[in-house]
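Please walk through both for the structure below.

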Amino acid sequence: MSTATATATARPARPALVRFPAAAEPRAHLVCFAHAGAGAAPFAGWAGLLPEWVSVSAIRLPGRESRLREEPLTSLDAVAEAAAREIAALSGPVVLFGHCFGAVAAYRTARLMEADGRADVRRLIAAAAPAPDGTVGGTTHLLDGEGLFADLARYGAVQDTPAARSLFALAEPAIRADFRALETWTVPEPADRPLAAPVLEIRGDHDRVLDPDGPGWSAWTTGGHRRDTVPGPHHLLGHATDPLLTAITRQLADDLAPADRPRPPATAAPSLGGIR
C-alpha cells in the first residue's frame, strides 16, 4: 500500500461543517441538516436570502456530495455526536434547522449539546418532520431500490425522470443509511427526551405525509413549542423555500430582538439514555 493510500485509509470520517459567506460578527448561527441522502447543497443560497446578521452553515455527512466515497453513518447517535463536534467550533447563539430526517438529527445533536453544557442552543426548527419517535420501527431502509425511490417520490423529494433516477443511484447508499438511522435508534425514556431550547415546527399546508392531527413535537421540549404552517407540500426545500425562509426569518427576529438576549444558565440535563 502506498503512503498516500495508507494516509487516506487512516483519515477518520467526520461530518464537514460547510460555512457559507456571512457577516463578520453574526448574531446567530443557523446550522442546517438536510433530508435523507442530501448534504449542504440545498442550503447554498440561503445566506443571501436571510438577514445579514445570520450566518448559515450546513452539515455534510459522509456518503454524499464531496464525501461520496466515504461510508455513510447508520446510527443516529453517531450522526449527532459527530455533528456536535463540528458545531463546537461556532461561538455564540446557535439555531439548528432540520428538514425531515435532518430535523431528528438536529434534535439529537441539540440534546447532546445541552447535555454537554452548551447554554447557547437558542432554538430547534423542525420542518416537514414527525416527532423523533414517529418513524422508529419503520422499514423504509429495508426496501429495494424501486420501493425506496417510490417512497421518495411520494414525499415529493424526487421526480420520476431519467435524470432523477441517475442521481438516486448515486445517493441510494446515503439515503438508505439515513433512514436506517432514523428507524433504528433507541428512543430515550420520556424524562430524558425534552430539549431546554424551544421548538418551532413547520409544515406545508398541502403536506400529505404527516398526520395533521398528530401531537407533533410538543412533548420534546420544555422551552416552548409552536407549529407554523406555510404554503407548500411535504418537501419544503423545493418550490416552498421562500415561505419557509420567511417563517425562519420571522422566528429568528423574534428570538433575537431587540438585542441578543442571553438565556439563563441551563440546569443540569438529564441522562441521554445511553447516547454517551
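Start with the residues that line the largest cavity: His35, Ala36, His99, Cys100, Phe101, Leu152, Tyr155, Ala157, Phe179, Leu182, His234 and His235. A cavity is a set of points on a 1 Å grid over the protein atoms alone where a 1.4 Å probe fits but cannot get out, and lining residues have an atom within 4 Å of a point. This lining divides into 8 nonpolar, 4 polar and no charged residues. Here Ala, Val, Leu, Ile, Met, Phe, Trp, Tyr, Cys and Pro count as nonpolar, Asp, Glu, Lys and Arg as charged, and the others, Gly among them, as polar. Helix H4 (145-155) and helix H5 (162-184) each supply at least two of the lining residues. Helices are DSSP runs (H or I, at least four residues), numbered from the N terminus.

The model is predicted: local features need pLDDT of at least 70, side-chain atom pairs count only at pLDDT 80 or more, and totals for chains, interfaces and linings use all residues. Residues are numbered from 1 along each chain as its sequence is written, and side-chain values use heavy atoms, leaving out hydrogens and water.

The largest cavity has a volume of about 80 Å³. A volume is the space filled by probe spheres set on the points, with grid points joined across faces, edges and corners. How many cavities of 30 Å³ or more does the structure hold? It holds 2. Phe33, Ala34, Ala38, Ile59, Leu61, Arg64, Phe101 and Gly102 line it. Phe101 also lines the largest cavity.

Terms used
On a 1 Å grid over the protein atoms alone, a cavity is a set of points where a 1.4 Å probe fits but cannot get out, and a pocket is an open set with protein on both sides within 12 Å along at least five of seven lines; lining residues have an atom within 4 Å of a point.
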